[in-house]
Amino acid sequence: MVKLFNQILNFIYPPICPICGEIVETHGNLCSMCWNKFNWISNPKCFKCGYPFPADLDLGNRPLCPHCASGECELDFVRSACVYDDVSKNIMLPFKHASQLKYQTLMSRAMINCLRDLDLDVDVVLPVPLAYKRLFKRGYNQASLLARPIAKYFNANLDVDSIVRKYRPDMGHKTYKQRHENIRGVFQIKNAANLQNKKVLLVDDVMTSGATFYELNRVLRKAGVSAVYAVSFCRVVHAI
Ligand SMILES: [Zn+2]
Ligand SMILES: [Zn+2]
């Protein structure tokens with residue numbers, strides 16, 4: 001019955017690639033041509049923070065980047081679906097600023113895929129909060145939209161109100177150090193009881209310097225969470 005219903009639905013609304021409009025098999029999927037344009041992050045990568053290594057390096061089962069090997073990464077695990085480049089930017093920015101919500105399914109699916117190898121146990125999925133001023137202007141928090149299907153996949157609570165974010169001017173075009181300083185103290189825990197002893201997965205559309213995830217990790221640890229993971233759709237990859 002469900003199959004028949006889907007067949008009728010697909011006849012009326014054929015599934016199309018959200019980027020180029022080509023007919024595809026499943027709603028929300030990319031066609032193979034568009035899929036191949038992305039720089040998806042696969043192995044080898046840092047087992048802890050997901051930093052992609054050059055493809056021809058054989059570093060064993062659970063390689064670590066220098067940052068993680070020296071114990072500097074305080075998050076338990078970080079993963080990103082793809083590298084931030086012109087291709088990923090061209091869907092990430094319209095999704096974030098121009099209500100191009102047709103990209104939501106492909107983005108959240110790619111994020112779920114990049115977490116599969118970790119086999120995580122997640123209690124709470126926490127989209128990176130937006131300051132009220134921004135939320136009011138934009139009408140939606142893009143991270144919350146991505147987090148919803150991810151929470152469903154993990155059978156975890158979607159938490160959009162335990163942490164609030166104070167408004168600060170845009171961090172664009174600032175140095176790594178300035179980003180860290182600018183974000184310090186920006187998040188405030190409203191409901192620590194919801195988070196205590198919980199394993200929390202942070203969700204954002206893009207990871208730039210990692211400053212946002214690190215700062216959230218700092219306040220979450222204070223609130224007594226037992227693990228912090230983070231996932232983003234794309235990630236700015238700096239040379240290390
Ligand atoms: Zn396409
Ligand atoms: Zn690492």
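Here is our chat about the model.

Tutor: This is a predicted model, where local features need pLDDT of at least 70, side-chain atom pairs count only at pLDDT 80 or more, and totals for chains, interfaces and linings use all residues. Residues are numbered from 1 along each chain as its sequence is written, and chains are lettered from A and ligands numbered from 1 in the order in which they are written.

Student: Okay, how many helices and strands does the protein have?
Tutor: The protein has 9 helices and 7 strands; these are DSSP runs, H or I of at least four residues for helices and E of at least two for strands, numbered from the N terminus.

Student: And what box do the C-alpha atoms fill?
Tutor: Along the principal axes, roughly 50 × 45 × 35 Å.

Student: How much of the protein is buried?
Tutor: Of its 240 residues, 32% are buried (20 or more other C-beta atoms within 10 Å of the residue's own, with C-beta atoms placed from the backbone).

Student: New topic: how do H5 and H7 cross?
Tutor: The axes of H5 (residues 104-115) and H7 (residues 142-154) come within 9 Å and cross at roughly 45 degrees. Axes are lines fitted to C-alpha atoms, for helices over the stretch in contact, and angles run from 0 to 180 degrees between N-to-C directions.

Student: Which residues meet there?
Tutor: Among them are Met107 and Met111 in H5, and Leu145 and Ile150 in H7. Contact asks for C-beta atoms, placed from the backbone, within 7 Å.

Terms used. Buried ≥ 20, exposed ≤ 12 C-beta atoms within 10 Å, placed from the backbone. Contact = placed C-beta atoms within 7 Å.
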